[in-house]
Amino acid sequence: MIRDRRIPIPKHLVDLNAIKRELSFVEKKDDGIHIGGGTTLYELSQTFLHKDKRFAGFVDVYKKFGTLALRFEATIAGNLVSATQYNDYITLLLVYDAKLRLVSANGERIVRLEDFLIDKRKVDLKPNELIYEIIFSEPPMNSSSSFIKFDRRELLIAGVVTGAAFLALEDNKIADVKISFDMVREKRIPGRARKSEEFLKGKEFSEEILEKVAEEVLPTEMERVTDWWTNAEYRMDMSKVVLKRNLLRAYKRIKG
């Protein structure tokens, strides 16, 4: 973006490698899961987040993310802070209701990821702050997640439609559900499909209820756009498919 003059040329570029070790970690604590902002996607893949079904969406994202070389270099905070509808980890972390711990020489503050995103390439990050860590509650045992990126090929894709879902069950009822997409309304940043979530909560899980939420509820809260990639009608149809497949896959993961 600097090379293409899409953002002003900065006076200085600061290399964070000197504090890389301090910023790279994945830990379980009393208040939940903590992921250091400098953790690379490859480092993330070597942790319990890629071994426990409750975090299965992390494996889904990793498989679709760029190339292996990029996974060794890209950091989780770097992906979040660039803030476009193509940010896969934003879409996933929204369904975990993640928060960010922002740190500067003046102190620190906690901001919900949903509030951190203001608009395309615009986030609630002061010039002297960095994302120290991402925090979210540890999910219950009877839960799982799923992430789907749909496009014309498998790798190095932006995604015609991208979506994630988190599902928790009690017996066969939907105790908790969170749904996100690359964009839901006019802002070109990922967002939650809250009407669809509210419709599903407390209901018995079935393919019929998935069909109903996709056909009757999702279109009332989602606005899709037409661009050079594809048209709005096709995006809406594929959003319905992604919603159903994500929830069904999360359900099957919970059931083993």
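**Close-up views of a predicted model**

View 1. Helix H1 (20–23), H4, helix H5 (76–82) and strand S7 (130–136) each provide at least two lining residues. The pocket has a volume of about 1200 Å³. Of its 29 lining residues, Leu13, Val14, Asp15, Leu16 and Val81 are the closest to the centre. By class, 16 residues of this lining are nonpolar, eight are polar and five are charged.

**View 2. Here we turn to the second largest pocket, with a volume of about 300 Å³.** Glu114, Val184, Pro190, Gly191 and Arg192 are the closest to its centre among the 13 lining residues. Strand S5 (117–119) and strand S11 (191–192) are the elements that give two or more residues to this lining. The lining of the second largest pocket counts seven charged, five nonpolar and one polar residue.

**View 3. Phe65 and Tyr89 make one of the 14 aromatic pairs in the structure.** Their ring centres lie 5.9 Å apart with the planes at 50 degrees, so the pair is tilted. This pair links distant parts of the chain, 24 residues apart: Phe65 belongs to the loop between helix H3 (56–64) and helix H4 (68–73), while Tyr89 is in helix H6 (residues 88–94). Both Phe65 and Tyr89 are buried.

**View 4. Two charged side chains sit over aromatic rings.** The charged end of Lys28 lies over the ring of Phe48, 5.0 Å from the ring centre. For Arg71, the charged end is over the ring of Tyr62, 4.7 Å from its centre.

Methods
Residues numbered from 1 in each chain as written. Predicted model: local features only at pLDDT ≥ 70, side-chain atom pairs only at ≥ 80, totals over all residues. Heavy atoms only, no water. Phe/Tyr/Trp six-rings, centres within 6.5 Å; stacked < 30°, edge-to-face > 60°. Helix = DSSP H or I, 4+ residues; strand = E, 2+ residues; numbered from the N terminus. Buried < 20%, exposed > 50% of the residue type's maximum accessible area, 1.4 Å probe, protein only. Lys NZ or Arg CZ within 6 Å of the ring centre and 35° of its normal. 1 Å grid on protein atoms, 1.4 Å probe; cavity = no way out; pocket = protein on both sides within 12 Å on 5 of 7 lines; lining within 4 Å. Points joined across faces, edges and corners; volume = space filled by probe spheres on them. Nonpolar A, V, L, I, M, F, W, Y, C, P; charged D, E, K, R; others polar.
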